[in-house]
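Biologist: I would like to go through some labels and the cut-offs behind them. Please set each value against its definition.

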Amino acid sequence: MTSAPHNHTRGQAASPQTSASPGRPRARKRVSPGWIPNYHGAWAMITVPVLLGVIIGGFVWEHLLLLGLWWVGYFAFFATGMWLRSRRKARYFPPVRTYVLATLPFALSVLITAPYLLWWIPVFLPLIAITVWASMHRKDRSMVNNIATVGAAGLTLPVAYDMGTGGQGGLWGTGLLLDSLPLESFPGASANGELTGWPWVWLVTLVVAWYFLGTILYVKTNIRERGELGWLIASAIFHGIAMVNVIILAAQGLFSWWLAALWVIIFARAVLVPIYGQREGWLSAKAIGFGEVFISIALMITIL
């Protein structure tokens with residue numbers, strides 16, 4: 001322990017360091033609300049789908065702009081949600097202004113370098129409208145809003161794939177544009193090679209969406225709806241159906257058996273953790289969030 005300086009003159013105020021009690025820890029400076037998203041599991045949801053789209057479609061330098069738009073845009077989305085839920089209080093607005101302004105250069109750059117991505121706007125607009133409405137009415141934790149959020153995150157997979165293939169796949173990969181190429185000529189293929197291009201990308205998007213939709217139920221059964229039998233049954237049924245479908249897809253050779261094995265673990269986790277984890281008292285919201293990150297990484301690896 002260091003002693004206080006001896007050269008204080010009478011009446012001179014002591015510095016905060018010398019006036020503090022020797023054994024008292026310094027108070028942490030709290031970050032203003034809205035600057036840092038506090039949903040631990042959301043990091044996986046905003047990262048895994050878009051990275052899968054980049055990897056399957058093949059990396060191009062424009063993907064850096066898309067990743068910047070998506071990730072900085074998520075910070076803007078989070079801050080705006082908090083501001084709307086607060087009834088637009090002034091103290092919540094600075095991060096909204098900062099992140100929205102930071103998002104604009106990325107949005108403009110993507111518009112200039114990949115103008116064909118504009119055809120995705122009609123798909124995202126209804127999802128954005130739902131989340132804005134939910135935030136304004138403080139229903140951001142409703143199932144409708146959660147499904148819209150997962151849908152927007154999942155759709156970044158085909159958007160990133162579309163950018164990687166230069167927008168040549170037609171309208172959302174349906175071949176409706178005149179300059180579209182045969183869909184089988186596009187990158188990406190199932191484990192057995194029978195499904196390629198856009199059909200394969202949409203199947204991967206569906207499986208990824210199954211997982212993240214399941215996490216909504218899983219998190220609810222462990223936190224807000226903990227102990228509610230109805231929610232636990234709904235979660236078990238959803239995860240069970242998804243697991244069976246993935247096993248069928250693996251049996252057909254479209255996915256590896258490693259993915260099927262992972263889904264068995266996901267199903268067991270959805271059923272057992274809400275029962276035994278909470279009973280033993282070792283499960284926290286942070287632990288659930290980090291668990292989602294690890295499972296999401298395993299999901300991405302087994303799909304690839």
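Biologist: Why is F75 called partly exposed?

Modeller: F75 has a relative accessible area of 22%. Buried means under 20%, exposed over 50% and partly exposed in between, with a 1.4 Å probe and protein chains only, so F75 at 22% is partly exposed. This is a predicted model, where local features need pLDDT of at least 70, side-chain atom pairs count only at pLDDT 80 or more, and totals for chains, interfaces and linings use all residues. Residues are numbered from 1 along each chain as its sequence is written, and side-chain values use heavy atoms, leaving out hydrogens and water.

Biologist: What makes R269 and E292 a salt bridge?

Modeller: Their closest N and O atoms are 2.6 Å apart. A salt bridge is a side-chain nitrogen of Lys or Arg within 4 Å of a carboxyl oxygen of Asp or Glu, so the pair qualifies. R269 is buried at 12%, and E292 is buried at 5%.

Biologist: Why is R85 with D140 also called a salt bridge?

Modeller: The closest N and O atoms of R85 and D140 are 3.7 Å apart, so this pair also meets the rule. The whole structure has two salt bridges.

Biologist: What makes the pair of W83 and F93 tilted?

Modeller: The ring centres of W83 and F93 are 5.2 Å apart and their planes lie at 55°. Rings of Phe, Tyr and Trp (its six-membered ring) pair if their centres lie within 6.5 Å; planes under 30 degrees apart count as stacked, over 60 as edge-to-face and the rest as tilted. At 55°, the pair of W83 and F93 is therefore tilted.
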